[in-house]
Each structure stands twice: as C-alpha cells, then as structure tokens.
Amino acid sequence: ASLVCPICGARFEADRSAALPFCSPRCRDIDLGRWLGEKYTLPVLSSADEAESNRTPPPSNGAEGEET
C-alpha cells in the first residue's frame with residue numbers, strides 16, 4: 001500500500017518502511033523531536049468548557065416541532 005509521510009510528504013510503500021507511519025527513521029525522529037519540543041499539543045478543555053459540557057439542556061416545553 002502506498003502511503004504519504006506526514007513529515008516530508010514523500011510517497012512510499014508501507015512494506016518497505018521500518019518506521020511506519022513515516023518514510024524513514026529520520027522523519028520518525030523529526031516527529032519525536034517535535035513532540036518533545038512541545039511543537040504539537042493536545043487540546044485540553046478549560047474549566048469553563050468543562051462546566052458548559054456538564055450542563056444539562058433546559059427541559060423542552062413540547063411546543064417546538066409539534067404539528068397542529
């Protein structure tokens with residue numbers, strides 16, 4: 001299967017790479033360096049976002065979407 005390296009964009013055959021999902025150990029090391037250097041981050045909910053996501057929706061009065 002032909003893949004595209006997420007670091008350099010090179011096309012390569014998956015069965016020929018020992019560094020999947022990268023095309024080479026060099027690109028794998030570049031990616032690791034970016035993680036270690038905190039160039040990549042994972043999204044974190046702020047306490048305001050958490051409070052918003054934990055709120056229950058208001059009760060429906062049944063008027064919306066009713067047919068007459």
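**Backbone and cysteines**

Modeller: E38 is exposed, at a relative accessible area of 64%. Here buried means under 20% relative accessible area, exposed over 50%, and partly exposed in between (1.4 Å probe, protein chains only). This is a predicted model: local features need pLDDT of at least 70, side-chain atom pairs count only at pLDDT 80 or more, and totals for chains, interfaces and linings use all residues. Residues are numbered from 1 along each chain as its sequence is written, and side-chain values use heavy atoms, with hydrogens and water left out.

Colleague: Where is the place of E38?

Modeller: E38 sits in the loop between α1 and α2 (47-54). Helices (H or I, at least four residues) and strands (E, at least two) are DSSP runs, numbered from the N terminus.

Colleague: And what is phi of E38 near?

Modeller: Near 60 degrees, a positive value in a residue other than glycine. Most residues other than glycine have a negative phi.

Colleague: New topic. Which residues does a cis peptide bond join?

Modeller: L20 and P21, with omega about 5 degrees. P21 is in the loop between β2 (11-13) and α1 (25-36). Most peptide bonds are trans.

Colleague: Is C5 buried or exposed?

Modeller: Buried, with a relative accessible area of 2%.

Colleague: What about C23?

Modeller: C23 is in no disulfide; the nearest cysteine sulfur, in C8, is 3.6 Å away. C23 is partly exposed, at 23% relative accessible area.

Technical notes
Disulfide = S-S within 2.5 Å.
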